[in-house]
Amino acid sequence: QVYLVESGGGLVQPGGSLRLSCAASGSMLYMYVMGWYRQAPGKQRELVATISRGGSRNYADSVKGRFTISRDNAKNTVNLQMNSLKSEDTAVYYCNAFIAIQGSRGDYWGQGTQVTVAS
């Protein structure tokens with residue numbers, strides 16, 4: 001079994017900052033790409049940012065210059081620093097990782113953490 005556990009969500013005013021963290025645990029052989037996705041009410045889940053094991057980053061246009069993704073391969077963690085938050089960033093944020101376990105590999109998801117940007 002593999003588990004991804006997010007933390008760090010909450011309520012913040014527009015222009016504020018939050019830092020999301022995600023820790024992976026379990027019987028993992030190798031973690032490939034890790035990332036963050038979000039889903040706002042009534043909308044589809046969308047990519048926010050991804051980071052490869054080697055550190056290559058990819059961001060949605062809507063968050064470029066405001067969000068920064070990072071990872072610690074030794075600790076199996078991925079973080080998302082969110083600055084200059086806007087009301088449209090309000091969503092449930094999900095951690096994702098493509099992981100190899102004994103005999104297979106695939107996508108794993110966290111349970112989600114709520115981020116609300118409001119004054």
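Here is a short chat about reading strand faces and salt bridges in a predicted model.

Colleague: Let's start with β1. Which residues sit on the covered face, and which on the uncovered one?

Modeller: The general idea first: side chains in a regular strand alternate between the two faces of the sheet. In this model, β1 spans residues 2-7, with V2, L4 and E6 on the covered face. Y3, V5 and S7 make up the uncovered face.

Colleague: And what strand is β1 joined to by 6 bridges?

Modeller: That's β3, residues 18-26, and the two run antiparallel.

Colleague: On to charges. How many salt bridges does a search of the whole structure find?

Modeller: Side chains of opposite charge can pair when their charged atoms come close. Here the search turns up 4 salt bridges. One of them pairs D61 with K64, with the closest N and O atoms 3.1 Å apart. D61 counts as exposed, at 65% relative accessibility.

Colleague: Where in the chain do D89 and R66 lie?

Modeller: Their side chains meet in a salt bridge at 2.7 Å, N to O. This pair links distant parts of the chain: D89 is in the loop between β8 and β9, R66 in the loop between β6 and β7, 23 residues apart. D89 is buried because its relative accessible area is 0%, and R66 is buried too, at 10%.

Colleague: Which residues do salt bridges with shared partners join into one network?

Modeller: R38, E46, R66 and D89. Within that group, R38 and E46 meet at 2.7 Å, N to O. R38 counts as buried at 5% relative accessibility, whereas E46 is partly exposed at 36%.

Notes: Residues are numbered from 1 along each chain as its sequence is written. This is a predicted model: local features need pLDDT of at least 70, side-chain atom pairs count only at pLDDT 80 or more; totals for chains, interfaces and linings use all residues. Side-chain values use heavy atoms; hydrogens and water are left out. Buried means under 20% relative accessible area, exposed over 50%, partly exposed in between (1.4 Å probe, protein chains only). Helices (H or I, at least four residues) and strands (E, at least two) are DSSP runs, numbered from the N terminus. Two strands pair if DSSP finds at least two bridges between them.
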